[in-house]
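Subject: Structure handover

Hello,

Here is the structure we talked about. Please open it and keep it on screen while you read my notes.

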Amino acid sequence: MEFRPLTREVLPTLRPYFCAQRFRLSDYTLGFQLMWLPYAKTAYAEVEGCLLIRSAYGGRQVFDYPLHPEGDSEAELRALAALEAWCVENAWPLVLASIPAERLTPLVRRYGRDLTLSNPRTWRDYLYRFSDFVDYAGKRFAGQRNHVSKFRRLYPTATFRLMTSADLPRVLDFLRAYAERQYAKHSFVANEELHGSRLLLEAFDDLGLCGGLLEHEGSLVAITVGEVVGSTLVVHIEKALVGYEGAYPTIAQAFARALQCPELDTINREDDAGDCGLRKSKLQYNPIEILDKYTLTPRRVIETLDAPPEFHAERLTLRPVADADVHAYGRLARDLPRSRLWGWDWRSDWTGEGDPPATWFLQIARHDFERRAELSLGLYLGEEFIGEGVFHNFTYDNTVELGIRLLPEAEGHGYATEAMRAMADYALCYWGLEKVLAKCYRENLPSKRMLLASGLRPDHEDPTFFYFSRTAKN
């Protein structure tokens, strides 16, 4: 899986993914992605027929929920599994952002062992009934009707029309005047939003956007730009000049009236970005729902460990390899026949001259735990080091792969079977993982017999390996 930079030129080719989304969230629109592209440093990948979006907000890398062009939830979960594997392989934290409420429950089940969940009020979208903006009917919209009436009295010659690409030079000039005359907030987010508005307008036709202009005596008073996704109109831009009282509710209503059709039933007017004045204004339009956007951060069990554990089997103790056993550990790790069956040839990583010192092997094992890649424990018979057990490939959906290797003199006594059973019990019962996995080369029949004797069951096979697994149930 390869993440590539998302660009304005690429975005139109990804339209099928965005058109299919039914979450009604602004985050899953072409316009949103383009507006925040310079700020978010967005990248994308396509896997399992799905689109994966990676963004960086405030230096924190996050991933959107996978999008399938036909809304296939099973394909989305397969893409999620591929993303999890990519994160593990690249030592990249998995943080899922902008998760719609419809997709939250399966994710909590998937990562429920250890996760953090947030849903900041600041970034929730405001969803409205389309017909409410067409009519402003009833007592709830008396304020909006009054503002529109006042605008019409003050500016009786003002007109509204839909925007075309030919209007873009005038609209960009309007944005510059808007910024110069009244953009007093000067916040980072506000400035990014204004810059994003210009980018969006420049891609008006490429992204299939729609927009409207409110004019008075030949000058633009207000502009709006939106995007139709499914049955929802997502309003990305709505700006009016100070001094034209009632311009905002007037252009909002005129835009809805110009676009009304049986297929459109809701309007998403995006979030309030934590601006109290904007929040008050959005609430005054009587949203039918404030859409949740969850951020979920699962933690693999190895990320929760402050130090390697120690636990016991019938005759053995599993604990971190002591400094005093560095040479015994080095003898085990340097053994090339065992390394081949272990699946790692140390010669591919050793860059020094001659053979590596024994300390090099132990340093690698300890460094792997420090970066939370894998956990290596020594197998001890009393105080004697006889082998190594490894917990490898901790996954986000709560599985782990197990491995055992022994010194030659320790073989033939059932120690590997005993250690494997103890490691599986510890992972399933103490850590609460869903499943443990193991594999061996097809020619390694002693390892196959050991895995079966320890309680693991055949799972599947390929031309190279036999695969085994065990759950708490078996």
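How many bridges join strand E9 to E10? There are seven, and the two strands run antiparallel. Before going on, please note that this is a predicted model.

**The strands around E10**

E9 spans residues 210-216. Look for Cys 210: its bridge partner in E10 is Gly 226. E9 and E10 make a hairpin, with two residues between them. Glu 217 sits in that turn and has a positive phi of about 55 degrees.

E10 also pairs with strand E11, residues 232-240. That pairing is antiparallel too, over eight bridges. Here Val 228 has Leu 233 in E11 as its bridge partner. E10 and E11 form a hairpin as well, again with two residues between them. In its turn, Gly 230 has a positive phi of about 65 degrees.

**The cores**

The largest nonpolar core holds 64 residues. Leu 83, Leu 96 and Leu 201 touch the most other members. Which residues does Leu 83 touch, leaving out those up to four places away in sequence? They are Met 1, Phe 3, Leu 52, Phe 63, Leu 94 and Leu 96. Another core, of 39 residues, lies apart from the largest one. Its members include Leu 379, Ala 416, Leu 428 and Leu 456. As background, nonpolar side chains tend to be buried together in soluble globular proteins.

Start with Lys 139. Find this residue in the loop between helix H6 (130-135) and helix H7 (142-154). Why does Lys 139 count as exposed? Because its relative accessibility is 80%, and exposed means over 50%. Lys 139 is 19 residues from Ala 158 in sequence. In space, the two are 26 Å apart, C-alpha to C-alpha.

Next is Glu 48, in the loop between strand E2 (43-47) and strand E3 (50-57). Its phi is positive, near 55 degrees, and Glu 48 is not a glycine. At 40% relative accessibility, Glu 48 counts as partly exposed.

Arg 372 has a positive phi of about 55 degrees, although it is not a glycine.

Best wishes

Technical notes: Residues numbered from 1 in each chain as written. Predicted model: local features only at pLDDT ≥ 70, side-chain atom pairs only at ≥ 80, totals over all residues. Heavy atoms only, no water. Core = buried A, V, L, I, M, F, W, Y, C linked by side-chain atoms within 4.5 Å. Buried < 20%, exposed > 50% of the residue type's maximum accessible area, 1.4 Å probe, protein only. Contact = heavy atoms within 4.5 Å. Pairing = 2+ DSSP bridges. Helix = DSSP H or I, 4+ residues; strand = E, 2+ residues; numbered from the N terminus.
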